[in-house]
Amino acid sequence: MWFNISAAPFLLTGFPGLGIFHPWISISFFVIYVSMLLGNGTILYLIREDHTLHQPMYYFVALLAATDLGVTLTTMPTVLGVLWLGHRAISQGACYFQAYLIHSLSIVESGVLLVMAYDRFIAIHSPLRYTSILTNARVVKIGLGVLMRGFTLIVPVIITLSGFPYCGSHVLSHAFCLHQDVIKLACADITFNRLYPIVLVSLTGFLDSVLILISYILILNTVMGIASGKEQAKALNTCVSHISCVLVFYVTVTGLTLIHRFGKYVPHVVHIIMSYIYFLFPPFMNPIIYSIKTKQIRNGINRLLSLQNKSFNL
């Protein structure tokens with residue numbers, strides 16, 4: 001069997017030394033999680049119901065929102081369980097599955113941001129051929145490719161993780177399961193589980209960021225060739241939302257990486273806070289960014305609110 005069901009459970013951890021404040025901290029997390037559910041759920045609902053948003057760009061926005069919703073639903077039960085109810089125990093099988101979803105969705109989000117950069121390049125470089133290049137069938141294939149990459153590449157380390165014996169402390173340092181957290185507790189040769197993630201990050205996150213950068217260099221080159229300054233500004237304005245989401249994602253990734261790599265003398269609570277920022281900030285900010293910066297989505301929200309007001313008046 002893949003998971004050893006009879007094995008002793010792991011123990012999740014909230015904020016060390018702040019246990020008496022956990023009920024109050026949990027209220028803040030509850031508000032954040034509800035905001036993320038409403039924000040990303042609203043984006044998905046709008047794109048599904050509003051036919052003017054049935055375009056490749058918004059299909060990719062919907063995929064980003066669905067990914068953020070997945071991250072929210074994956075971490076919310078254990079985070080609120082630990083902070084609100086003090087429920088720390090999690091079975092090894094459930095822990096491996098949560099780690100699998102968290103890391104897979106992180107790779108998926110990176111991939112979605114990459115294909116959104118490709119979408120913006122096609123829209124600006126070849127606007128007349130945009131819909132013929134990014135047909136619905138091709139968008140579906142690209143989306144499936146991004147999902148398959150995310151959910152298959154992480155499988156090897158999760159399988160090996162589930163086969164390790166764990167001795168001594170079963171206490172994890174977060175309120176959710178992460179591969180790098182669980183692997184520290186293994187009493188076995190973990191060489192593969194140390195090297196494979198490095199290769200994986202290089203082939204996904206790092207490569208994706210380089211390709212996104214190249215896409216925007218090509219976009220800028222195309223925009224600079226447009227004679228009208230007004231048209232240049234209009235073209236670049238269509239990229240603002242995506243650039244903002246890219247910055248939110250990669251700034252948090254970079255911050256978390258630097259803290260783990262060079263923060264040896266940084267208080268442990270700072271490491272934990274950075275982990276929460278990494279997993280909560282992008283799903284919280286992305287719907288806000290697209291609601292403010294994208295006119296079509298903003299108009300869709302206004303229409304939705306006006307319909308609700310009419311229904312209340314009736």
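Trainee: Quick one to start. Is Asp-208 buried or exposed?
Mentor: Keep in mind that this is a predicted model. Asp-208 counts as buried, because its relative accessibility is 1% and the cut-off for buried is under 20%.

Trainee: Which side chain meets Asp-208 in a salt bridge?
Mentor: Arg-149 does, at 2.7 Å from N to O. That pair links distant parts of the chain: Asp-208 is in helix H8 (residues 191-224) and Arg-149 is in helix H5 (residues 136-153), 59 residues apart.

Trainee: And how accessible is Arg-149?
Mentor: Arg-149 is partly exposed, with a relative accessible area of 22%.

Trainee: How many salt bridges does the structure hold?
Mentor: The structure holds 4. One of them joins Arg-303 and Asp-50, with the closest N and O atoms 2.2 Å apart. Arg-303 is in helix H12 (residues 295-313), while Asp-50 is in the loop between H1 and H2. The two are 253 residues apart.

Trainee: What about Arg-48 and Glu-49, how do their side chains meet?
Mentor: In a salt bridge, 3.7 Å from N to O. Arg-48 counts as exposed, because its relative accessibility is 64% and exposed means over 50%. Glu-49 is at 41%, so Glu-49 counts as partly exposed.

Trainee: Switching to rings. How many aromatic pairs are there?
Mentor: The count comes to 15 aromatic pairs. Take Phe-176 and Tyr-276: the centres are 5.5 Å apart and the planes are at 90 degrees, an edge-to-face pair.

Trainee: Where do those two sit?
Mentor: Phe-176 is in the loop between helix H6 (155-163) and helix H7 (179-182). Tyr-276 is in helix H11 (residues 268-293). They are 100 residues apart, so the pair links distant parts of the chain.

Trainee: Buried or exposed, that pair?
Mentor: Phe-176 is buried at 1% relative accessibility. Tyr-276 is buried too, at 4%.

Trainee: Which residues form the aromatic cluster?
Mentor: Phe-15, Phe-29, Phe-176, Phe-249, Tyr-250, Tyr-276, Tyr-278 and Phe-279 form one cluster.

Trainee: Tell me about Phe-15. Where is it?
Mentor: Phe-15 lies in the loop between strand S1 (10-11) and H1. Phe-15 counts as buried, with 7% relative accessibility.

Trainee: What does Phe-15 contact, leaving aside its sequence neighbours?
Mentor: Beyond four places in sequence, Phe-15 is in contact with His-22, Ile-25, Phe-29, Leu-83, Val-269, Ile-272, Ile-273 and Tyr-276. Look at Ile-273. Phe-15 and Ile-273 are 258 residues apart in sequence, yet 8.6 Å apart in space, C-alpha to C-alpha.

Trainee: Next, His-174. Which loop is that in?
Mentor: His-174 is in the loop between H6 and H7. At 5% relative accessibility, His-174 counts as buried.

Trainee: What polar contact does the His-174 side chain make?
Mentor: One with the side chain of Asp-181, at 3.2 Å. Not counting residues up to four places away, His-174 touches Leu-12, Thr-13, Asp-181, Ile-272 and Ser-275. His-174 and Val-269 are 10.0 Å apart, C-alpha to C-alpha, and 95 residues apart in sequence.

Trainee: And Thr-75, which helix is it in?
Mentor: Thr-75 is in helix H2. Thr-75 is buried, with a relative accessible area of 1%. The side chains of Thr-75 and Tyr-33 are joined by a polar contact of 2.9 Å.

Trainee: What else does Thr-75 contact?
Mentor: Setting aside neighbours within four places in sequence, the contacts are Tyr-33, Gln-98, Ile-102 and Phe-176.

Trainee: Last topic, the surface. Which residues make the nonpolar patch?
Mentor: Leu-18, Ile-20, Phe-21, Trp-24, Ile-27, Phe-30, Val-31, Val-34, Leu-38, Trp-84 and Leu-85. The patch is about 1,200 Å². Helix H1 (22-49) and helix H2 (56-85) are the elements that give two or more residues to the patch.

Trainee: Which one gives the most?
Mentor: H1, with 6 residues.

Trainee: How exposed is Val-31?
Mentor: Val-31 is in helix H1. Val-31 counts as partly exposed, at 47% relative accessibility.

Methods: Residues numbered from 1 in each chain as written. Predicted model: local features only at pLDDT ≥ 70, side-chain atom pairs only at ≥ 80, totals over all residues. Heavy atoms only, no water. Patch = residues over 30% accessible without salt bridge, like charges linked within 9 Å, V, L, I, M, F, W, Y side chains within 5 Å. Areas by Shrake-Rupley, 256 points an atom, 1.4 Å probe, with all protein chains shown as cover. Helix = DSSP H or I, 4+ residues; strand = E, 2+ residues; numbered from the N terminus. Buried < 20%, exposed > 50% of the residue type's maximum accessible area, 1.4 Å probe, protein only. Phe/Tyr/Trp six-rings, centres within 6.5 Å; stacked < 30°, edge-to-face > 60°. Polar contact = N/O pair within 3.5 Å; in protein donor to acceptor, adjacent residues only side chain to side chain. Contact = heavy atoms within 4.5 Å.
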